[in-house]
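Dear colleague,

Please find below the sequence and the structure that I am handing over to you. My notes on what was found follow directly after them.

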2 protein chains.
Amino acid sequence: MIPPTLPGPDQILEAATRIGKLINHTPVVTSAYFDSITRSHLFFKCENLQKVGAFKARGATNAILTLEKQFLIRGVATHSSGNHAQALSWAASKAGIPAYIVMPSNAPAVKVNAVHDYGGKITFCKPTLEAREETLRDVMRETGATEIHPYNNERIIAGQATAALELNQEIPDLEIVMAPVGGGGLLSGTALASKFFNPKASVFGAEPEKANDAWRSFTTGQLTPSVNPETIADGLRTSLGSLTFPVILECVDNILTVSEESIVHAMRTVWERMKLLIEPSSAVPVAALLTYPELFAGRKTGIILSGGNCDLDHLPWLP
Amino acid sequence: MIPPTLPGPDQILEAATRIGKLINHTPVVTSAYFDSITRSHLFFKCENLQKVGAFKARGATNAILTLEKQFLIRGVATHSSGNHAQALSWAASKAGIPAYIVMPSNAPAVKVNAVHDYGGKITFCKPTLEAREETLRDVMRETGATEIHPYNNERIIAGQATAALELNQEIPDLEIVMAPVGGGGLLSGTALASKFFNPKASVFGAEPEKANDAWRSFTTGQLTPSVNPETIADGLRTSLGSLTFPVILECVDNILTVSEESIVHAMRTVWERMKLLIEPSSAVPVAALLTYPELFAGRKTGIILSGGNCDLDHLPWLP
């Protein structure tokens, strides 16, 4: 059963209107090369060209713009070292409110700098989940800020759903819509938007084999988090949450898992052939296309390229 | 005096219609980052997302589709190791005719493979201009193919002009339109399209200091080719031709030259901030923006990102 608090079609349309002036309406591009090697018709939604370089700008903006005024002025908080931290910092600065970001002390300098550049106020903590949660509670107590969870939050899910809304509006009659799955914010939003606005489409999630909690949870019907998974797709190391799991169980048709090698190959091939920088997490659905071409042959598939934040000094195919 | 054989507004509009179904209508993207550091309003025309990864697909397609039938069936020929060779091979295969490409024996394998993959028939020669021209004459004599020069050709220029036509149509009232300059096919097309369809705009060319023949020719009024220039912007090592020079002299307002360091920095910054793969030649106008921000401050500028064909095993900022 999908929790009744999850966004319906009206909430997704309202989110799209609400965030429309702040975020990018990203382009949908095609690739003769990928069409030819997969014998299918592919439409890539370029969320790597989104503000802050990832779809996360959608959810963060929607979550902040729907905060009640008395909470809004005290700001927002989260623990994250990834794109959500950047997106929340960016969206908060657009709204003129503070964003308090708890980051592990071993977070890469490039990510710390990005959060700082977007105006986030960083508190460092020990690199354990307990320390992150405890530090976040401390920060919230001191500041009165509202926690914005990266994915287990209805307003975040409604925001992320607007990417698939735009994709289904721009390319009618998609037969498959596919997104990567980590915590499930993007995939559950994609599934809801597709169910509401293109109910004939199948929805696929794509996940690294090495962080396959969504596949295990989907297959067994039991929420089964991963413990410290190690995949190059750093945005997909998180596990499904209590809100995203039921949506995925009910509205997603298949979870496809892919190897680390196939992720690196897919990432490089998109750079080379499509001239688009995508991060490893974004390459996961492309790796699924290349690993399971028979599922897509002859069909019209929309793929969400979720983000493009990479460290250009360390490319996975270079020594 | 612009030679009367050069395309007028009708020829450019006809070229756009003629090639429209084969090439990509590439997106125009913006960047809050570049707007902010240059204090201007920038619109980037993404020809790196064009077929074969470069604007060259436009000119090659127009040149082939305007060939008379008796010439068409014998195919087309050129000597090139760059994007024109790939574009001509691709456009010829779309038209179902052969493309004969003369390449120097030391051309990088990645470029040879790309031409081969697009169906070009390659003849190797010694890596000198004389050998290339002589081998091309031999190939044309044997095959009856028509030479399609990479830039000193009116139909090529009309094709390249369609990029700036689309840019000016999509973003009205641009105050500056800027393109890189090598042989001048793109810049002369850009200048003609802007003169005809947005006559108030200034047109700037951007060129590597190390291959500054266009700047020297523009400044002195005398066509002054470069001799074996060495710049990382490999697409801009060629010199202006007899057709492109007069257009540039009459219709271009300024040629801006940039250092090699600024090209690498601009390239990396576009990758990092805009998530778009551009090749070094494409980074040259971006380097001009960053080198001469005072020329652009407060103004609405369109920039043609000319191509995205890079060797991903050798990035200029990595050891």
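Cys125(A), at 7% relative accessibility, counts as buried, where buried means under 20% relative accessible area, exposed over 50% and partly exposed in between, with a 1.4 Å probe and protein chains only. Cys125(B) is likewise buried, with a relative accessible area of 8%. A search over all chains of the whole structure finds zero disulfides, a disulfide being a pair of cysteine sulfur atoms within 2.5 Å.

Two remarks on conventions are needed here. The model is predicted, so that local features need pLDDT of at least 70 and side-chain atom pairs count only at pLDDT 80 or more, while totals for chains, interfaces and linings use all residues. Residues are numbered from 1 along each chain as its sequence is written, chains are lettered from A and ligands numbered from 1 in the order in which they are written, and side-chain values use heavy atoms, with hydrogens and water left out.

Sheets of chain A

An open sheet of four strands in chain A has the order β5-β4-β3-β6, with parallel pairing. Helices (H or I, at least four residues) and strands (E, at least two) are DSSP runs, numbered from the N terminus, and two strands pair if DSSP finds at least two bridges between them. The edges of this sheet are β5 (121–125) and β6 (146–147) of chain A, each of which pairs on one side only. Strand β4 (residues 99–104) of chain A pairs with β5(A) in the parallel sense over five bridges, and Tyr100(A) has Lys121(A) in β5(A) as its bridge partner.

Another open sheet of chain A is formed by six strands in the order β1-β2-β10-β7-β8-β9, and its pairing is mixed. At its edges stand β1 (28–29) and β9 of chain A, each with a single partner strand, so one side of each is left without a neighbour in the sheet. Within this sheet, strand β7 (residues 176–180) of chain A is joined to β8(A) by five bridges, and the two run parallel. Pro180(A) stands opposite Ala206(A) in β8(A).

Helices of chain A

In helix α10 (residues 213–220) of chain A, the residues Asp213(A), Ala214(A) and Ser217(A) are buried. Seen down the axis of α10(A), these buried residues fall within an arc of 100°, so they line one face of the helix; the arc is that of the directions from the helix axis to the C-beta atoms. Their cover includes β8 (202–208), α11 (244–251) and β9 (254–258) of chain A. After α10(A) comes Gly221(A), whose phi is positive, near 75°.

Helix α12 (residues 260–274) of chain A has 15 residues and reaches 21 Å from its first C-alpha to its last, close to the 21 Å expected at 1.5 Å a residue; the expected span is 1.5 Å times one less than the number of residues. Eleven of the 15 residues of α12(A) are buried, so this helix is largely enclosed by the rest of the structure. Among them are Glu260(A), Arg268(A), Trp271(A) and Met274(A). Just after α12(A), Lys275(A) takes a positive phi of about 60°.

Strand β4 and its neighbours in chain B

Strand β4 (residues 99–104) of chain B is mostly covered, with six of its six residues buried. Ala99(B), Ile101(B) and Met103(B) point one way from β4(B), Tyr100(B), Val102(B) and Pro104(B) the other way, and all are buried. Strand β3 (residues 76–79) of chain B runs parallel to β4(B) and is joined to it by four bridges. The chain crosses from β3(B) to β4(B) through helix α5 (residues 83–95) of chain B, and this β-α-β crossover is right-handed; that is, with the strands pointing away from the viewer, the path from the first strand over the helix to the second runs clockwise. Ala77(B) stands opposite Tyr100(B) in β4(B).

Five bridges also join β4(B) to strand β5 (residues 121–125) of chain B, again in parallel. In β5(B), Ile122(B) is the bridge partner of Ile101(B), and Cys125(B) is that of Pro104(B). A right-handed β-α-β unit is made by β4(B), helix α6 (residues 109–117) of chain B and β5(B).

His41 of chain B

His41(B) lies in strand β2 (residues 41–46) of chain B and is partly exposed, with a relative accessible area of 44%. Leaving aside neighbours within four places in sequence, His41(B) is in contact (heavy atoms within 4.5 Å) with Asp35(B), Gly298(B), Arg299(B), Lys300(B) and Thr301(B).
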